[in-house]
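Try each task before you read its solution.

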Amino acid sequence: LDVRGRRIETLVDAPRPAGPHEIRWRPERLPNGVYFFRLEAEGATVTGTASSEALIAAVKEAGYQASL
């Protein structure tokens with residue numbers, strides 16, 4: 001969500017079978033700003049805020065190439 005509460009993107013919104021999954025996401029397409037996120041997996045929920053720059057850095061740190 002952006003600061004106005006608009007949903008920017010949903011990566012997955014469906015149950016997935018057990019096991020590892022890969023989702024490709026390119027946050028470098030986001031306009032600069034602050035975003036709110038929620039991650040739900042195996043009954044746990046993580047919420048927070050991050051700048052678009054921090055999201056790109058996190059993706060790169062995880063070993064993924066963020067390219068335009």
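**Exercise 1. Find what share of the contacts with a separation of 6 or more comes from residues 24 or more positions apart.**

Solution. Start with the term: a contact means heavy atoms within 4.5 Å. Next, take the contacts in the chain with a separation of 6 or more; residues 24 or more positions apart account for 35% of them. Before going on, please note that this is a predicted model, in which local features need pLDDT of at least 70 and side-chain atom pairs count only at pLDDT 80 or more, while totals for chains, interfaces and linings use all residues. Residues are numbered from 1 along each chain as its sequence is written, and side-chain values use heavy atoms, with hydrogens and water left out.

**Exercise 2. Describe the fold of the chain in order, and say how its strands are joined.**

Solution. Step one is to list the elements: the chain has one helix and two strands. Helices (H or I, at least four residues) and strands (E, at least two) are DSSP runs, numbered from the N terminus. Step two is to read along the sequence, which gives the pattern β-β-α.

Step three is the pairing, which requires that DSSP finds at least two bridges between two strands. Strand β1 covers residues 34-41 and strand β2 covers residues 44-51; they run antiparallel and are joined by eight bridges. Two of the pairs can be looked up by name: Val 34 has Ser 51 as its bridge partner in β2, and Leu 39 stands opposite Val 46 in β2. Step four is the turn: two residues lie between β1 and β2 in this hairpin, and Glu 42 in the turn has a positive phi of about 50 degrees.

**Exercise 3. Work out which residues form the salt bridge, and whether each of them is buried or partly exposed.**

Solution. First, the general idea: side chains of opposite charge can pair when their charged atoms come close. The cut-off used here is a side-chain nitrogen of Lys or Arg within 4 Å of a carboxyl oxygen of Asp or Glu. The structure holds one salt bridge, and its partners are Asp 2 and Arg 6, at 2.6 Å from N to O.

Now compare the accessibilities with the classes: buried is under 20% relative accessible area, exposed is over 50%, and partly exposed is in between (1.4 Å probe, protein chains only). Asp 2 counts as buried because its relative accessibility is 9%. Arg 6 counts as partly exposed because its value is 47%.

**Exercise 4. Say where Asp 2 is placed and what else it touches.**

Solution. Asp 2 sits in the segment before β1. Its side chain reaches the backbone nitrogen of Arg 4 at 2.9 Å. Leaving out residues up to four places away in sequence, Asp 2 touches Ile 8, Val 34, Tyr 35 and Phe 36.

**Exercise 5. Identify the residues of the nonpolar surface patch.**

Solution. Begin with the rule: patches are made of residues with over 30% relative accessible area and no salt bridge, with like charges joined within 9 Å and nonpolar side chains (Val, Leu, Ile, Met, Phe, Trp, Tyr) within 5 Å. Areas come from the Shrake-Rupley method with a 1.4 Å probe, and for residues only the protein chains shown count as cover. The patch is made by Leu 1, Val 3, Val 34 and Phe 36, and has about 360 Å². Val 3 belongs to the segment before β1 and is exposed, with 62% relative accessible area.

To finish, look at the whole chain: its accessible surface is about 5,900 Å², and 52% of that belongs to carbon and sulfur atoms. Buried residues make up 16% of its 68 residues.

**Exercise 6. Find how far apart Ala 18 and Glu 42 are, in sequence and in space.**

Solution. Ala 18 lies in the segment before β1 and is exposed at 84% relative accessible area. Along the sequence, Ala 18 and Glu 42 are 24 residues apart; in space, their C-alpha atoms are 9.3 Å apart.

Notes: Polar contact = N/O pair within 3.5 Å; in protein donor to acceptor, adjacent residues only side chain to side chain.
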